[in-house]
Amino acid sequence: MDTQKDIEKLLKSHTLKKTSARIEMLKVFLNYDYALSAKEIISHMKTSHDRVTIYRTLSSFEKHGILHKASEDSHGVRYALCSHECPEGVHSDEHVHLICEKCSQTYCLEDVKIPKIEDLEKFLAQKVNYTINGLCVTCLSS
């Protein structure tokens, strides 16, 4: 997805209106291969949008299965695009996240699935988060 039409199609498929904030925010996410905090998103957007609009857009995208929370640290929550269309309200893209110890970026490792835990008979798992801390490819080569 890299064109205006693709972004508009994505918004339509999730029954979301095409607003300038939504379109611009999706363009920002498409330019990065790692998760972004709200502060980073705001700094990369060319048009000035108020904080309320940014946070409402993030919340709406998460609710509709366009974004997921990839990690949370001292910089706040970091969001990443879902790899595929998640159903509304349920993120079915359970994968591993790598947080680089050097650059602090969070990467989605789409091909690395979370190991299944068999013995949860007394519990109902509602959200699974699996994070690995290490070095990303860029930091390894520098």
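Reply: For the angle between two elements, 65 to 115 degrees counts as roughly perpendicular, under 35 as roughly parallel, over 145 as roughly antiparallel, and the rest as oblique. The model is predicted, so that local features need pLDDT of at least 70 and side-chain atom pairs count only at pLDDT 80 or more, while totals for chains, interfaces and linings use all residues. Residues are numbered from 1 along each chain as its sequence is written, and side-chain values use heavy atoms, with hydrogens and water left out.

The surroundings come first. The protein chain holds 5 helices and 6 strands, where a helix is a DSSP run of H or I with at least four residues and a strand a run of E with at least two, both numbered from the N terminus. Read from that terminus, the elements follow the order α-α-β-α-α-β-β-β-β-β-α, and the C-alpha trace of the protein chain spans about 45 × 40 × 25 Å along its principal axes. Of its 142 residues, 39% count as buried, meaning under 20% relative accessible area with a 1.4 Å probe and protein chains only, as against over 50% for exposed and partly exposed in between.

Among the helices, helix 2 (residues 20–30) and helix 4 (residues 51–63) pack at an angle of about 70° with their axes 10 Å apart, the axes being lines fitted to C-alpha atoms over the stretch in contact and the angle running from 0 to 180 degrees between N-to-C directions. Helix 2 and helix 4 are therefore roughly perpendicular to each other. On the side of helix 2, Ala-21, Arg-22, Met-25, Leu-26 and Phe-29 take part, and they meet Thr-53, Ile-54, Thr-57, Leu-58, Ser-60 and Phe-61 of helix 4, contact here meaning heavy atoms within 4.5 Å.

The part to look at closely is strand 4, which covers residues 95–100.

With strand 5, strand 4 runs antiparallel and is joined by 5 bridges: Val-96 faces Leu-109, Leu-98 stands opposite Tyr-107, and Ile-99 stands opposite Thr-106. The hairpin of these two strands has 5 residues between them, and in it Ser-104 takes a positive phi near 70°. With strand 6, strand 4 pairs in the parallel sense over 4 bridges, and there Asn-133 is the bridge partner of Ile-99. Because 6 of the 6 residues of strand 4 are buried, strand 4 is largely enclosed by the rest of the structure.

Note on methods: Two strands pair if DSSP finds at least two bridges between them.
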